[in-house]
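Please look over the sequence and the structure shown here, and then follow the points below, which are grouped by topic.

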Amino acid sequence: MNNSSTIENILSNSNFFKNSGKDFLGKVIEASRLDVFSKGQVLFIHEDKAESFFIVKKGWVKLFRETLDGSQAVVDILSTHHVFGETSLFHDNLYPYSAEAVERTEIIRMPLSLLKAEIKENPSLALSMLSTMARYRRQQDQELEHRTLQNASQRIGCFLLRLTDQSNTGPAIIHLPYDKTLVASRLGMQPETFSRALTKLKNATGIKINGASVELENLSQLSEYACSACSSEFPCKDLKTCR
C-alpha cells in the first residue's frame, strides 16, 4: 500500500472525521503527507505557530510542557490513530504543548487551515471536537483525583489495568508500551519513586515483573488494590483515561 492509499485508509476510518463533509475529507487526504520521526525527535515546541495537526499512524508520541526548572511535565502519551495538534485552533493558533516521538514513529501531517475553514461551515464537526475536549477534561479531572487519593502503587496498578482487556477473568500478561522512566513521568513520579512503588505493588498483589512485562493470575489481583481509592468502578468505562 503506497503512502496516498495508506493516508486515505486511515483518515477515512478515523472517528475524528466521521462528522466532516466528503469534500473536506478529500481535501485533507490530498494535502496530507506521511512523516517519519526517529526516537527523541521533536515535532513542535510549546507556543510554536500551529500550521498542521496530526494523526499517529504507528508508534508513540509524547506531549509535554517544560517546567521553570527545565524538567518535563508529561501531558499525555499518544498511540496509533490518536489525533493531536487540532486544539491549537482554540489557543490563538499556537501549540499548547510540545510533542516528541517516543520511538520511531510514523505521523500523518494535515493542514490546520483546512480544519479551521471546515469548522466555520460545519457545526457538527465543531461539536464533535468540543465533545472530545470535554472527555479529555474529564480524564484530567480523574487523574487529579488519582494523584490526590491514590498512593503511588495504586496509580501504577490503575495504569496497568487500563492496558488490559478488562473482561478477561483468567491469567494476563501486560506489556508496558514504553520504558519505565517515561511511565513514571506520565504518572507524575520520579523514577526512584516509581521503582519503590512498583516493588510495593508487587508485594501487595503478587504480580510478577519480568522486564517490560507484568504477569498476573487474574485482574482482581490489581483491581481490588488499585481501585479502592477511585470514584470509578471496575471495569472502567473509559479505558483510555490513564494511558
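Predicted model: local features only at pLDDT ≥ 70, side-chain atom pairs only at ≥ 80, totals over all residues.

Two residues are said to be in contact, or to touch, when heavy atoms of one lie within 4.5 Å of heavy atoms of the other.

**Nonpolar cores**

- The largest nonpolar core has 36 residues, and those with the most contacts inside it are Leu-11, Phe-17, Phe-84 and Leu-115.
- Apart from this core lies another, made up of 29 residues, including Met-189, Ile-207, Tyr-225 and Ala-226.
- When residues up to four places away in sequence are not counted, Leu-11 touches Phe-17, Leu-25, Val-28, Ile-29, Ser-32, Ile-55, Ile-108 and Met-110.
- As a general background, nonpolar side chains tend to be buried together in soluble globular proteins.

**Helix α7**

- Helix α7 spans residues 191-205, which makes 15 residues, and it reaches 21 Å from its first C-alpha to its last, close to the 21 Å expected at 1.5 Å a residue.
- Its buried residues are Phe-194, Ala-197, Leu-198, Leu-201 and Thr-205.
- The partners against which the buried residues of α7 pack are α5 (152-161), α6 (180-186), β10 (208-210) and α8 (220-226).
- After α7 comes Gly-206, which has a positive phi, near 80°.

**The sheet that contains β4 and β5**

- An open sheet is formed by four strands in the order β2-β7-β4-β5, and their pairing is antiparallel.
- At its edges are β2 (42-44) and β5 (72-78), each of which pairs on one side only.
- On average, and with direction ignored, neighbouring strands of this sheet are turned by 30° against each other.
- Strand β4, residues 61-66, runs antiparallel to β5 and is joined to it by six bridges.
- Within this pairing, Phe-64 has Val-74 in β5 as its bridge partner, while Glu-66 stands opposite Gln-72 in β5.
- The two strands β4 and β5 form a hairpin with five residues between them, and Gly-70 in the turn has a positive phi of about 90°.

**The sheet that contains β1 and β8**

- Four strands in the order β1-β8-β3-β6 form another open sheet, again with antiparallel pairing.
- Since β1 (33-37) and β6 (83-84) stand at the edges with a single partner strand each, one side of each is left without a neighbour in the sheet.
- Strand β8, residues 105-111, is joined to β1 by five bridges, and the two run antiparallel.
- Across this pairing, Val-36 stands opposite Glu-106 in β8.

**Ser-228**

- Ser-228 is found in the segment after α8, and it counts as exposed because its relative accessibility is 55%, where the cut-off for exposed is over 50%.
- Leaving aside residues up to four places away in sequence, Ser-228 touches Gln-154 and Ser-223.
- Ser-228 and Gly-59 are 169 residues apart in sequence, and their C-alpha atoms are 33 Å apart in space.

Methods: Residues numbered from 1 in each chain as written. Heavy atoms only, no water. Core = buried A, V, L, I, M, F, W, Y, C linked by side-chain atoms within 4.5 Å. Buried < 20%, exposed > 50% of the residue type's maximum accessible area, 1.4 Å probe, protein only. Expected span 1.5 Å × (residues − 1). Pairing = 2+ DSSP bridges. Axes fitted to C-alpha atoms, helices over the stretch in contact; angles between N-to-C directions.
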